[in-house]
Amino acid sequence: MTTKQPTFNYEALPMRVVFGAGSLAQIPQEAEQLGLRRLLVLSTPQQEQLADQAETLLGKACVGRFTEARMHVPADVAADAVKAARETGADGCLAIGGGSTIGLGKAIALETGLPVISVPTTYAGSEMTPIWGLTEHGRKRTGRDRTVLPRSVIYDPELTLGLPVGLSVTSGFNAIAHAVEALYAPDASPIISLMAEEGVRSLATALPTIAEHPLDPRARSDALRGAWLCGACLGATTMSLHHKLCHILGGTFDLPHAETHTVLLPYVAAFNLPAAPAAEQALSRALAADDVPGHLARTSVELGAPRSLAGIGLTQNEVDEVIGQAVDQPYANPRPVTSDALRFLLTAALNGALAP
């Protein structure tokens, strides 16, 4: 009897990573290494202070700021940012902030081809992927394009010390969701599976410490390292049902991105993991738990995350629209997705059935 040997493809994405406390100060060197001399700094309105720091560090290499980044990257905001990049004659962008800001940098790159340096301040992981997203007319479009992949990513754990505990937790679960879906992706590989398991382990270990001691530098560093690994998994594989549902809930109903990932993940895991035993075993090891969906639900709520989709704004009347959009476009998933299965899953998530 012969054992079938695994076959797989793996392609590393071409990007540079700088990691370490205080690495924000290396922004000028990263710009110089990429040959960039006229950078447009991007941030949200709430993070203008960070944009100030980046502008000071860049000096004459900063030609302007655009501080109107918003969640889910509205198409009109992206258009304004592209206009700002062109009017300033920028030869690149520096996106400092969470997934909203980094997503805006990608939108500019998609339209103009300008290279992006990313400085993430949350655990969303967008900086490690060639995935872009734009929201227009109540729908979020996503795609993959190597043009939007940041050329350099600066991970400075000190920038996450001030991230509120609630957002730290939900952003961390957002990252864990990338790894969960990477483990059962149709284009998974042993390399990605190792990164996914270690990414989940790092975040699952760090988040409880951060909840109690937000300024713990070791936990912040471990969480950011886990986010890097989980983000790399997202960039290297095809996402499935969980990410599809989150795009619908965010794009159509404007539900908060990280909270939506956090609430929904246990319910999608409960649906998909019976059809993905290797993924379930990896997650059990990483989380030190036999009941993966139950553990994810209980832990997130214990750390202060919302417990249900109803708690973050979805109503029962909107479930049919979510189902309709989800079954309208085929996508990879370890289990067939039917309207009845989705109704059961979404109703359970709406009511927080797995959370205590």
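Accessible areas come from the Shrake-Rupley method with a 1.4 Å probe, and for residues only the protein chains shown count as cover. The model is predicted, so that local features need pLDDT of at least 70 and side-chain atom pairs count only at pLDDT 80 or more, while totals for chains, interfaces and linings use all residues. Residues are numbered from 1 along each chain as its sequence is written, and side-chain values use heavy atoms, with hydrogens and water left out.

**Exercise 1.** Work out what the accessible surface of the protein comes to, and what share of the residues counts as buried.

*Solution.* The accessible surface comes to about 14900 Å², of which 51% belongs to carbon and sulfur atoms. Turning to the residues, 55% of the 356 count as buried, that is, under 20% relative accessible area (1.4 Å probe, protein chains only).

**Exercise 2.** Compare the radius of gyration of the protein with that of a compact globule.

*Solution.* The rule for a globule is 2.2 Å times the number of residues to the power 0.38, with the radius taken over C-alpha atoms.

**Exercise 3.** Identify the residues that touch the most other members of the largest nonpolar core.

*Solution.* A nonpolar core is a set of buried Ala, Val, Leu, Ile, Met, Phe, Trp, Tyr and Cys residues joined through side-chain atoms within 4.5 Å. In the largest, of 75 residues, they are Leu245, Leu264, Leu309, Leu345 and Leu346. Apart from this core lies another, of 24 residues, among them Val77, Ala81, Ala84 and Ala95.

How values were computed
Buried means under 20% relative accessible area, exposed over 50%, partly exposed in between (1.4 Å probe, protein chains only).
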